[in-house]
Protein chains: 4
Amino acid sequence: MGDLKSFGENGNEVSDVGFEGRRKSCWYEEELDQHLKLCFALNRILHTGASQYQDIALLDTKAFGKVLVIDGKLQSTEIDEFIYHESLVHPALLHHHNPKTIFIMGGGEGSTAREILRHTTVEKVVMCDIDEEVVGFCKSYLLMNKAAFFDPRLRLVISDARAELENCVEKFDVIIGDLADPIEGGPCYQLYTKSFYESTLKPRLNEGGIFVTQAGPADVVPYSAHIPSYADVWGWVMASDSPFTVDVAELDERITHRIVGENRYFDGETFASDSKLSKAVRKSLAEETQVYTEGTAKFIYGHGTGHKSRRA
Amino acid sequence: MGDLKSFGENGNEVSDVGFEGRRKSCWYEEELDQHLKLCFALNRILHTGASQYQDIALLDTKAFGKVLVIDGKLQSTEIDEFIYHESLVHPALLHHHNPKTIFIMGGGEGSTAREILRHTTVEKVVMCDIDEEVVGFCKSYLLMNKAAFFDPRLRLVISDARAELENCVEKFDVIIGDLADPIEGGPCYQLYTKSFYESTLKPRLNEGGIFVTQAGPADVVPYSAHIPSYADVWGWVMASDSPFTVDVAELDERITHRIVGENRYFDGETFASDSKLSKAVRKSLAEETQVYTEGTAKFIYGHGTGHKSRRA
Amino acid sequence: MGDLKSFGENGNEVSDVGFEGRRKSCWYEEELDQHLKLCFALNRILHTGASQYQDIALLDTKAFGKVLVIDGKLQSTEIDEFIYHESLVHPALLHHHNPKTIFIMGGGEGSTAREILRHTTVEKVVMCDIDEEVVGFCKSYLLMNKAAFFDPRLRLVISDARAELENCVEKFDVIIGDLADPIEGGPCYQLYTKSFYESTLKPRLNEGGIFVTQAGPADVVPYSAHIPSYADVWGWVMASDSPFTVDVAELDERITHRIVGENRYFDGETFASDSKLSKAVRKSLAEETQVYTEGTAKFIYGHGTGHKSRRA
Amino acid sequence: MGDLKSFGENGNEVSDVGFEGRRKSCWYEEELDQHLKLCFALNRILHTGASQYQDIALLDTKAFGKVLVIDGKLQSTEIDEFIYHESLVHPALLHHHNPKTIFIMGGGEGSTAREILRHTTVEKVVMCDIDEEVVGFCKSYLLMNKAAFFDPRLRLVISDARAELENCVEKFDVIIGDLADPIEGGPCYQLYTKSFYESTLKPRLNEGGIFVTQAGPADVVPYSAHIPSYADVWGWVMASDSPFTVDVAELDERITHRIVGENRYFDGETFASDSKLSKAVRKSLAEETQVYTEGTAKFIYGHGTGHKSRRA
């Protein structure tokens, strides 16, 4: 029978299907918008399933390793998710003088909790995600987040983040929005409105508390980073009632003293660059006058069965 | 954790990745020629590997079930391979008055042997395929052919079919070419030449013996069948020194008496239709003057690392 | 400036965009169903537009020449539309002993009229299509049908075929359904129902009259042909109250005497083959019990803004 | 005939081919690398052709407007080429105290010349491109560069840039490399080597002269910008024997006084951000030890018939 066992050994490669290894034939197609598709060559379709809220798949791609896809939208990849999650978490926690308690709206993938828990000042993280199946799927399959799920400082709540914040009395040092885009048909767009920020979210922040999310309004530090697998530059905003005064050197100092392990993407100079936006983006922000309310929600490309698809 | 186990149970479906279950996002792309691609939505990439001669993959597609791909070319599918293999095997064996010994050039997938072994007259089948890994792969993964591989009447020889026929002294009632297309760079095109037919193959046929292959010259009965997953009508030719005199009724009679189990595609009337070619095809054949020799080989679209890719 | 003029001369080829002429990069994607796509390499997008009922495009493809696309569905191609239209028209007209008056339901592309008008017995053709823009588009751009549109025997009516048949008193020797598939949301599915055939269509046939359409019920001769650009075998049914008694020789005789010019696809033997269906198809037809009524319509894959997309 | 003229008027839109305007069916596929494809929905294929060196196409896409494709690689798009060309030209010219004479290696598209000619200090621009056909194509079809091609300060030389620099005695204030990537089989990779920079290029720079190109070695200011249609962040390096001392305010001051018209992408703060690289990129650069010589050239993905394909 010769070398049949080789199928077991190197069986996780569609290595040469196609023409002499040059042309790949199994693809995952992502619609970036209705006029643009990004296609990832596949090694494997690892796991698929559906929850009450959303469809979920874990793919093994040649360019970006393992890829998490929710409702047909790429969420994060093994190769570059650190850029997204370091950018989401560290600016807010490092600008805070002593972040102890953190609330994550969404975040079921676990990567945001993982980055937060690297901060030695952190004593408690509440992760509030609506979709139990997705959380379970990620807990089982995303090995790099496994430790975070079992960290005793993490408290997982399966619930709607808005309801949870409305009903709780606790206050937090940092609240992080790790939410779906405001797509039509998804419940999530209500978590991007002015009234939600004023009436629900802000009362749950401690004095000097910071809020960060992947999009949003003024009175904030907006910053951005290029995520290769998104084929785009992605933006975040960080807001606080206290001014942001931490400079590059102080950021690097805090990284050294407050974060366990080494960042791969984020440091003081990275932030200095990412928080300077190009002329084209600044002009576009300056000309923006729309306030995001329940009635004037501007939807991003995509259709949701649920609430978690980060990308549009 | 709720219903996480469901990932195990219905995990073999990327059922709703995409938009509300309507838009699929994982695809296998087959180049029919350089100007035409056929794309199959995927459930899973089941197994992949490579042998000395060719790459091989087993895919689970939504439209055609399990699909065997060799060197980037679809070979056969769970849903419609019976059309190909019934068409390849039964006309030749049924037109023969009493086929006992059969030689298969190639055929490593096992489906041709499976159909041959349904004939109660058959006492011995020699399957001569050059690629041990592919034969092993098919034996392991193609469940519908499992019984055929273990039938005591089957003798498997790992060798080049041409060399094997040149060296053997045995003669056969039927010789079946279940070979790759004559693609450039593949060794297989030598098995489609006039000199091979005259000098090597014909001496190994018994009196009244029949030769059938998926393509070829005149002095034959050509016939064709539509293979949905090939997106094309596929042709075969059957040749003998004795005239073919079996009519529709006699074919049906022989099917009843000589084949175990019921055909799904092939019967007398099917053959009466398939062996009548359309005016366009007849005209094209009538105008064909090229004799296929080693020096004048006309290649079919594709590049081979090996010898088995049936389709172009 | 050298050879810039060459852009004008050979400008209708994306001849080598890609890799050394081997990999094409501009494609038209057709969804055959939700799990299967067929992709055609493009030379040009020649014309596009939209009518009240449907979208329409004329593409120049590498594999099939000019291609007419309506509502995102390939209708016919320069290279192989003759197979469809010879198959639709000639069996019915040749089985009729003396066809003089013909009614086409739909047919706005003009190819059906073109084939009918090749019959020397034909004195009058009524083409009843609902979509004036599409008819105008085809009249302008499909050069091979230009003569047919200006033939004095043709009368073009822009109207709903059902209404037209209900309101007219004239009877016809042959009625041809050159209609869209019965897709959901299209008006056309009502033209495939039992009640339409009995109450509206049949009263408009002369004694010995024949009706032919691309799909349908029993009491008929069903036949099929492989259309390469459809990546499928396509079927038609031909019905009459008189029995069909014309044999192969008589068909060929009638072709010689009654049709101007030479058929490329259709002759007696082609029909003998095409009207014999394979065992698999015969079994499937034999097991079919559903009667197609307004209430039980079985839809074919696709969504229509209008009524003309032949393929699913 | 109704509204047929509408095909002429809105004929440059495949507006609704597909499903109710939501699903597009004509695509340009770009292979970013062998494992990643980016697909652009098409309105039209405007022009195509081939020169002695390369294939060229002008496409009208839905997402990025008119797109120039050379050897199967997207070069620049109507919507975002200003980011690339402002980033290529303005940092170098603005950091120079008084740039009068400029040499462009390549640049046949004309966009680089266009941006240079906006500088009021500039008296002479030599554009040296090897491909006369491509230059002619761009001159004819890229309307936004038309004025630049006819500016009396521009001198167009059809020649190999290396040979031209080796043979000329003139020196320049700024030399700009607007070249193909160093892809295998292209002549262009020789214009990225250490020996070319030292022996050929540097002697042709005036005292205080600046060299800028889209990639390269140290002793330089590297900077980057996100190009949406490249689905990537793109980098440049700017080198000089004199230190770069111009700060943000001075850059903005110089823009005001020295550039005609308003930049859309580039200003002082944009450059401050773009010339700070992220930690991940800095680490990767710091660990790079390879010197790019003729013998050690590292090729970028792609195959060239010629020398101009900027992207890989």
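The legends below describe close-up views of a predicted model. Local features are given only where pLDDT is at least 70, side-chain atom pairs count only at pLDDT 80 or more, and totals for chains, interfaces and linings use all residues. Residues are numbered from 1 along each chain as its sequence is written, chains are lettered from A and ligands numbered from 1 in the order in which they are written, and side-chain values use heavy atoms, with hydrogens and water left out.

View 1. The secondary structure of chain A comprises 10 helices and 12 strands, where helices (H or I, at least four residues) and strands (E, at least two) are DSSP runs numbered from the N terminus. Of the 312 residues of this chain, 62% count as buried, a term that means under 20% relative accessible area, with exposed meaning over 50% and partly exposed the range in between (1.4 Å probe, protein chains only). Among the contacts in chain A with a separation of 6 or more, 65% come from residues 24 or more positions apart, contact meaning heavy atoms within 4.5 Å. A:D178 lies in strand 9 (residues 172–178) and is buried, because its relative accessible area is 1%. An unreviewed UniProt entry places the feature "active site" at A:D178; UniProt positions are given in the numbering used here, feature names are shortened, and annotations may be inferred rather than shown by experiment.

**View 2. The interface between chain D and chain A.** Here 36 residues of chain D are in contact with 36 residues of chain A. The buried area, which is the accessible area (1.4 Å probe) that two parts lose on being put together, summed over both, is about 3,200 Å², and carbon and sulfur atoms give 58% of it. The rule for a salt bridge (a side-chain nitrogen of Lys or Arg within 4 Å of a carboxyl oxygen of Asp or Glu) finds four across this interface. D:K279 forms a salt bridge with A:E262, with the closest N and O atoms 3.2 Å apart. On the side of chain D that touches chain A, the elements giving two or more residues are strand 1 (26–33), strand 2 (36–50), strand 12 (232–240), helix 9 (268–274) and helix 10 (279–286) of chain D. Strand 2 of chain D gives the most to that side, with six residues.

View 3. C:E29 lies in strand 1 (residues 26–33) of chain C and counts as buried, because its relative accessibility is 12%. Not counting residues up to four places away in sequence, C:E29 touches A:E29, A:K37, C:K37, C:L38, C:C39, D:S25 and D:W27. The side chains of C:E29 and A:K37 are joined by a polar contact of 3.0 Å, a polar contact being a pair of N or O atoms within 3.5 Å; within protein, one must be able to donate a hydrogen and the other to accept it, and residues adjacent in sequence count only if both atoms are side-chain atoms.

**View 4. The loop residue B:D267.** B:D267 is found between helix 8 (248–258) and helix 9 (268–274) of chain B, and counts as buried at 10% relative accessibility. Its side chain makes a polar contact of 2.7 Å with the side chain of B:T270. Leaving aside residues up to four places away in sequence, B:D267 touches B:D252, B:I255, C:K279 and C:R282.
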